[in-house]
Protein chains: 2
Amino acid sequence: MKTIQQLTFLLILTVLSFSASAQFRMPKPILSPEITADSKITFRVFAPEAKKMTISGNWMPGWGTQVEMMRNDTGLYQLTINPLPSEMYTYTFFVDGVKTIDPNNVMVVRDGTRNESMFMVPGEKATMYGVNDVPHGTLQKVWYSSPTLNLNRLMYVYTPAGYTESNEKLPVLYLLHGGGGDEDAWTTLGRAPQILDNLIVSGKAKPMIVVMTNGNPGDAAAPGAAPAKKETAGQNNPGSMGSGKFEESLVKDVIPFIEKNYRVIPNKDNRAVSGLSMGGMQTLYLSNNHPEVFSYFGVMSMGLVDMSRFGGKNDPAERIKGLEKLKASNPKLYWIACGKEDFLFQSATDLRKFLDDNKFSYVYHESEGGHTWTNWRIYLSELAPKLFK
Amino acid sequence: MKTIQQLTFLLILTVLSFSASAQFRMPKPILSPEITADSKITFRVFAPEAKKMTISGNWMPGWGTQVEMMRNDTGLYQLTINPLPSEMYTYTFFVDGVKTIDPNNVMVVRDGTRNESMFMVPGEKATMYGVNDVPHGTLQKVWYSSPTLNLNRLMYVYTPAGYTESNEKLPVLYLLHGGGGDEDAWTTLGRAPQILDNLIVSGKAKPMIVVMTNGNPGDAAAPGAAPAKKETAGQNNPGSMGSGKFEESLVKDVIPFIEKNYRVIPNKDNRAVSGLSMGGMQTLYLSNNHPEVFSYFGVMSMGLVDMSRFGGKNDPAERIKGLEKLKASNPKLYWIACGKEDFLFQSATDLRKFLDDNKFSYVYHESEGGHTWTNWRIYLSELAPKLFK
């Protein structure tokens, strides 16, 4: 298999008469997806030997829906769909039943263990999540020591545009991913750097640092980014999702590291924590066990669940004690967001009832849709402007 | 299409009795690739409806070689290959002729416009390129202004382990990718952060900052990472590969930005530049036109080519003038590396002859193999220890 570099040079040296604007691009005979001016979207793949080509996209209703693509007489399969609202979409092809990315679309995002093709439909959401011609923050992949988890671990630190040039100290949002994800999730599917760039430049959000950790307490980093695990018994077995170990490491290891190495305001009123799904569970843990650390909490797509199912305790007395501690700490914002079709909607309803019954005030944001990155991107864009004000 | 987060929770809530070590991982019924203790490698894909499954890997000889996988009676296709030397390998499957990544291998790397599956065979090279349990540097994605190219542009800056804690000023290596690549190339296929981590911790290379730019003068960043291009005529048309525009922007825009924002030693003897293929061409341009800026040059897989084919000039008198300037600047290292099977081997031979004829001393490293990332990773691991000493 030749490298792109070799192909590029062979092309230049042997084939092309030179055009000034196209010389670094390989010829790309098949455009997929093509988004036309009327926002219709066409997917294409050349597959003369395939019996059947289908596509599955996250805009389709239902679990695992596949739509068949139509073959023309050259063997080009094609599907044109009606306009979709502005959004970031992911999809896969199935070639005779085998799931693949779109071979003609360079844009790929990873959701946990799955790689999928990606595109954006222009418009409001694409502008909100997109790379616009505005000042951009810096995204750092940083290793830190976690004695609590007995691991060196990888995280992302986003510093906003202007951080380097200024002496101003900034507040920090600790942003947590969901189960099956890792430290990459908020920077790829979550579009957090782009969302923050755009909110900050428009004055909607205050400049802030965003810290995106790996919330799996047994992992150092995403697949391929971590050293091979040591097999020493128990060494990397800090307990399950409900153990609270990751949350303890956030408080004891991550926050001191950030406050030592970045120009931040190291107090409660300048710390926020928010997470989706498993990260929402971790946010709940932190609000109950460490309300002295944060003044802003954002619980996305999560609520009251039976923690014994996650290796934790299901102790109503503890829960009330935690809430009393939280009340006493007088947080500035306790924000809950959930979609009407979220499979955890009932748990969010239970959480609200628990808080209402115990006279704790919070802000609730109910959206359309379910347990999706579309919602979490929007939630971030709604939460960030409420922080540190 | 459900998100991984939803799948993870559904799994936990409905199916699994809970095991403490596996709760964040989806069940992965098919292991591919599997590398056994005797280093045999097995690729697998479940494709009962496919007529034919083949695999193409960068370890196979020749252009576009495909090897057929064998179907068993359940529809699982499989291929076991003999042990490969320790190395990082890329491959794709073809499902009834359609190129795909391996759906069961989460590791994907992008080479220009192509996404391919990746694995490492343990051993010497995997240790050299791998994430080991050693102190790691920080990798930053940084935007900078390039008035020369009329663009805000994205680059990577690697700072070695200990940079934050120390006050020591460091030297800088400017590391350039090849044609068809972009700023991601050296951090993904090139494994530069891992190679530098490993060389620095073992004392083989001096701690240094490594700056990895986008060498395509009309581009702000890799696909999807840049704002939509402005269509204003000529605005983003700074000329072709041979125009020297990128190289001018490196000297006028990138280096001042780095020296303002990082703790570096801002002089010639503490600057190195090296690149592969197109980046080697850029290194040659810089050695001829800005020898006052760098003391170390590394030309990988490149030599004398007819620059008029790349939108530049082919002026032997200019070339001699450039070399005289370079000689006068007395660089500490001029290093040329090329593989015996590289399709640009003759151009490297021509470069050496030109330098010999003009009595300019350089160090030449000839390797096996061709125009490949395997070679470029090894070249980086050989060049870095020679810098700043």
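**Notebook: chains A and B**

I looked up the interface and found 81 residues of chain A in contact with 82 residues of chain B (contact: C-beta atoms, placed from the backbone, within 7 Å). This is a predicted model, in which local features need pLDDT of at least 70, side-chain atom pairs count only at pLDDT 80 or more, and totals for chains, interfaces and linings use all residues. Residues are numbered from 1 along each chain as its sequence is written, with chains lettered from A in the order in which they are written.

On the chain A side, helix 1 gives the most, with eight residues (helices are DSSP runs of H or I, at least four residues; strands are E, at least two; both numbered from the N terminus). I noted 36 nonpolar, 34 polar and eleven charged residues on that side (nonpolar: Ala, Val, Leu, Ile, Met, Phe, Trp, Tyr, Cys and Pro; charged: Asp, Glu, Lys and Arg; polar: the others, Gly among them).

I then checked strand 11 of chain A, which pairs with strand 11 (residues 138-146) of chain B in the antiparallel sense over three bridges (pairing needs at least two DSSP bridges). Lys141(A) has Leu139(B) as its bridge partner there.

Next I looked at helix 8 (residues 373-383) of chain B, where ten of eleven residues are buried (20 or more other C-beta atoms within 10 Å of the residue's own, C-beta atoms being placed from the backbone). Among them are Trp373(B), Trp376(B) and Arg377(B).

Last, I found that Ser287(B), Asn288(B) and Asn289(B) in helix 5 of chain B meet Gly322(B), Leu323(B) and Leu326(B) in helix 6 of chain B.

Technical notes. Two residues are in contact if their C-beta atoms, placed from the backbone, lie within 7 Å. A residue is buried if 20 or more other C-beta atoms lie within 10 Å of its own, exposed if 12 or fewer, and partly exposed in between; C-beta atoms are placed from the backbone.
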